[in-house]
Amino acid sequence: MTENNHSLLKNMINMKDSLPKRQRHLCDYVLKNFQSLGLVTIQELSRESNVGVSTVMRTIHSLGYSNFNDFRKDIYDESLTENMNSQWKLRTSLENVVDQGYEHTLVRMYKESVSLLDKSLNEDLLESFDKAIDMLVQAKCINIYGTRPYKPVALYFEQLIGEFYPKVRQLSHDSEIVFDKVLQIEKDEVLLIFAFEPYTERIIRAAKVAYELDIPIILITDYISCPIIKYATTILKIEVSEDKFSIIPTIALVEAMIIEFGKRFSGDSIEKLNKLEKILQENYVTISY
């Protein structure tokens with residue numbers, strides 16, 4: 001049925017908002033869990049997604065499938081492609097040496113972070129990363145917007161890039177007037193959005209306004225079911241833990257973006273950082289031994 005590895009998911013993303021509520025719920029479930037669905041039966045999909053079998057059938061018909069088997073095959077192909085892009089060797093090796101009894105919280109969290117980093121790094125992310133850097137480099141100004149609990153990550157991005165690049169505007173502080181700020185963004189600028197589940201209505205609407213104004217959007221998110229995806233020019237999808245909160249993969253991505261962006265202006269960036277370091281030391285803001 002599908003012409004390429006991602007046509008089913010893209011079709012689902014594009015169509016789901018026009019579908020009835022229960023069908024939309026099923027689409028969101030599939031988009032969020034397709035990696036683990038495999039060769040699921042229609043009864044299993046109905047039970048796990050908490051919709052009726054009739055809703056499943058109506059949904060796949062809406063997506064252009066005449067029968068469930070064709071739909072299931074494409075879902076299975078999607079999961080195989082995604083799993084091939086993920087690297088689990090390090091996680092497996094770590095898990096093999098874990099005592100089945102008590103495990104220190106710090107050890108468990110470090111291992112979970114390694115797993116998330118390993119799983120996040122795939123060909124799609126690498127390709128999107130390069131596109132995002134190109135957009136940032138070409139932009140007249142970089143606008144940044146993140147909502148809780150990812151507002152600190154948006155601020156961290158601003159702090160790092162602001163050390164050597166002045167053309168940055170932070171929107172995360174202006175949540176109440178964010179639409180005013182979005183209206184001030186020009187088409188030759190870019191909007192960098194951090195949006196992770198649970199998504200806020202305000203960030204979704206702000207992205208929609210920016211999209212309607214033809215403002216390029218770089219989206220850093222967790223699931224392809226994120227409602228902002230349809231507005232984004234480039235999507236950087238990061239893996240998140242199902243049961244533990246961690247922003248480490250996002251922080252790693254942010255730092256990689258800053259380094260790559262800085263390399264494009266290496267001479268100017270290094271000169272500005274050296275000058276800043278000297279001024280901070282001369283004014284006793286920082287002390288080096």
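This is a predicted model: local features need pLDDT of at least 70, side-chain atom pairs count only at pLDDT 80 or more; totals for chains, interfaces and linings use all residues.
1. E239 is buried, its relative accessible area being 10%.

2. The salt bridges in the structure number 16. The remaining points take up some of them.

3. R169 and E189 form a salt bridge, with 3.1 Å between the closest N and O atoms. R169 belongs to strand β2 (residues 168-170), whereas E189 sits in the loop between α10 (178-183) and β3 (190-195), so the pair ties together parts that are 20 residues apart in sequence.

4. R169 is partly exposed, at 27% relative accessibility. E189 has a relative accessible area of 5% and is buried, because the cut-off for buried is under 20%.

5. D17 and K16 also meet through their side chains, in a salt bridge of 3.7 Å from N to O. The limit for such a contact is 4 Å, so this pair counts as a salt bridge.

6. The bridge between D17 and K16 should be read together with its surroundings. K16, D17, D28 and K230 are linked in a network of salt bridges.

Technical notes: Residues are numbered from 1 along each chain as its sequence is written. Side-chain values use heavy atoms; hydrogens and water are left out. Helices (H or I, at least four residues) and strands (E, at least two) are DSSP runs, numbered from the N terminus. Buried means under 20% relative accessible area, exposed over 50%, partly exposed in between (1.4 Å probe, protein chains only).
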